[in-house]
Each structure stands twice: as C-alpha cells, then as structure tokens.
Amino acid sequence: MPTGPELTQSAQLYDISGEKMELLLDFPTIGEPHYAQAIPASRILDKVKKIYPIEENKHAYVARGEKQAKVERNGKDVHVYMTMIRSHFAPDNIEGIKVGDKVYFHVTNLEQDWDTPHGFAMHGALNAELLIMPGQTETLVWEPKKEGVFPFYCTDFCSALHQEMQGYVRVSATGANVPLKWGLGEEQLQ
Ligand SMILES: [Cu+2]
C-alpha cells in the first residue's frame, strides 16, 4: 500500500554469472519495524500526497530551477539557494565561505515524480540532515568552525547515481579575501 511520502525501497539480488542474469531474491528493505502499527488503509488512502507541485512552492528561499540557484552574503549570514535533481546539486561547488559565517542551505527538490525524495547533509554540521520531498524546500544551517574543503551529499538513495550526488564548499579563514563564487561542475554560475 502506498502509505507514506517515502515508499519502502526494494532490494534485489541477482546472479550475473550466467548467460542471462537470474533474480535470486526480491525483497523490501525497511527500517526498524519495532514501532510498526496496522490501521485500515481507508483512513489514509485519500490523504496520500504524491507530489508537491513546484509552481505552488511559495517558500521565501525557493529556487524553482537551476537558473535561480545562487549564493548571497548578508554580513556573516550566507544564503545558498540550492536545487537538487537526480543526480546533482546546483551549485555543487561554493567558495568564499569563511570561518564564523552562518550558512543557510535552502535546498529545493526539483523532482516532480512520485517517491523521489533527496536528502541533504553537510559534513561537520551539528544538527541533522534533511529529507526533501519532490517540489519542497527545506533549510539546513551550518556554522563552519575551521578552514578546509567540506563535502555535502545526498543522504537518501535516489537512483543508481546516488553516490555521485555531492558537492563541496571551500571554507577560508575569517577575514580572508576570497570572493563568493559558485558553480555547477566546470561551469561557473557566478
Ligand atoms: Cu539524491
């Protein structure tokens, strides 16, 4: 039953040693089942929310497409308007962040398919991670404490290229003269 925003994911075990690959096992992978409860499907079936239409997203920090991705500095606050879609973030490289900044990642999931949430985690962030449904925007705050290059990455298995869904932020010293720059792959967005 399609009972939640994030469906049970499926795992399959194949034998690829022969001429034709053979499915050995087909099974759902679910989290800890200890708190599972059963209720009649009729109580939730008509309340299932499959997709949040991106055009209805009125979040103050939404980016409704990669062209709207940007990074803005306001004193020590840095606002990153970021998008995510299989299998990359935009921007996926950012420079000009400094120790002492407070970085707000406003991440919009551009997917408009059912059950394609993406996750977002920032290496070194002391809060948590985000799970963002198709069409939604969520915010994670990160306060970098030291210089270096820090990765951020998708934390929810989203496609075969999930492992490549990542990016980097370069953190410079407080007061460094590194301008704010961001890009997507080789392409400089700003
Ligand atoms: Cu992802």
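Reader: Which residues coordinate the copper ion here, and at what range?
Author: The copper ion is held by His-118 (ND1), Cys-154 (SG), Cys-158 (SG) and Met-165 (SD), at 2.1 to 2.5 Å, where donors are N, O and S atoms within 2.8 Å of the metal (3.2 Å for Na, K and Ca), and water is not among the atoms, so sites may look incomplete. This is a predicted model, in which local features need pLDDT of at least 70 and side-chain atom pairs count only at pLDDT 80 or more, while totals for chains, interfaces and linings use all residues. Residues are numbered from 1 along each chain as its sequence is written, and side-chain values use heavy atoms, with hydrogens and water left out.

Reader: How are the donors of the copper ion spaced along the chain?
Author: The spacing is H-x35-C-x3-C-x6-M.

Reader: Are His-118 and Cys-154 buried or exposed?
Author: Both His-118 and Cys-154 are buried, buried being under 20% relative accessible area, exposed over 50% and partly exposed in between (1.4 Å probe, protein chains only).

Reader: Switching to Thr-137, why does that residue count as buried?
Author: Thr-137 counts as buried because its relative accessibility is 8%.

Reader: And which side chains does the side chain of Thr-137 make a polar contact with?
Author: The partners include the side chain of Asn-57, at 2.9 Å, and that of Thr-108, at 2.8 Å; a polar contact is a pair of N or O atoms within 3.5 Å, where within protein one must be able to donate a hydrogen and the other to accept it, and residues adjacent in sequence count only if both atoms are side-chain atoms.

Reader: What about Asp-92, which side chain does its own make a polar contact with?
Author: The side chain of Asp-92 makes a polar contact with the side chain of Asn-93, at 3.2 Å.
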